Amino acid sequence: MSAPLYQLKAEFFKTLGHPVRIRVLELLSVREHAVAELLPEVGVEAASLSQQLAVLRKANLVITRREGANVYYRLTSDEVVELLRVARSILSGVLQGQAELLADLRANSPR
């Protein structure tokens, strides 16, 4: 018996639930990167980056190609770029709402 769709979605979002993975996906949304290019941009140790890339590979969000000694990563789909764009839009709305609430609280605070 297969897992319900909502459970699969939850697992998918857990995959996205790490800041290093999000940063890697953002970088790859611009262009393909070699691992050596990702390291200084992500700011973690090579072993940690390797772990996070493995998670993204397992989830089929990225694929690799080897060129000599370099391993290059790229997104498997432009839909990942769209997902990141939508997430940014949602967060912008949430933060805007919080900024408005904070402004209201400050404006109505007793002095």
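E37 and R31 join their side chains in a salt bridge at 3.5 Å, N to O; the term requires a side-chain nitrogen of Lys or Arg within 4 Å of a carboxyl oxygen of Asp or Glu. The model is predicted, so local features need pLDDT of at least 70 and side-chain atom pairs pLDDT 80 or more, while totals for chains, interfaces and linings use all residues. Residues are numbered from 1 along each chain as its sequence is written, and side-chain values use heavy atoms, without hydrogens and water.

**Salt bridges**
- The whole structure holds seven salt bridges.
- E32 and R65 form one at 2.7 Å, N to O.
- This pair links distant parts of the chain, 33 residues apart: E32 lies in the loop between α2 and β1 (33-34), and R65 in strand β2 (residues 62-67).
- R65 is partly exposed at 31% relative accessible area (buried is under 20%, exposed over 50%, partly exposed in between; 1.4 Å probe, protein chains only).
- E32 is partly exposed at 24%.

**Ring contacts**
- The charged end of R65 also sits over the ring of Y72, 4.4 Å from its centre (the rule asks for NZ of Lys or CZ of Arg within 6 Å of the ring centre and within 35 degrees of the ring normal).

**Largest pocket**
- Among the residues lining the largest pocket are I22, E26, V81 and R88.
- The lining has five nonpolar, one polar and three charged residues (nonpolar: Ala, Val, Leu, Ile, Met, Phe, Trp, Tyr, Cys and Pro; charged: Asp, Glu, Lys and Arg; polar: the others, Gly among them).

Definitions and conventions: 1 Å grid on protein atoms, 1.4 Å probe; cavity = no way out; pocket = protein on both sides within 12 Å on 5 of 7 lines; lining within 4 Å. Helix = DSSP H or I, 4+ residues; strand = E, 2+ residues; numbered from the N terminus.
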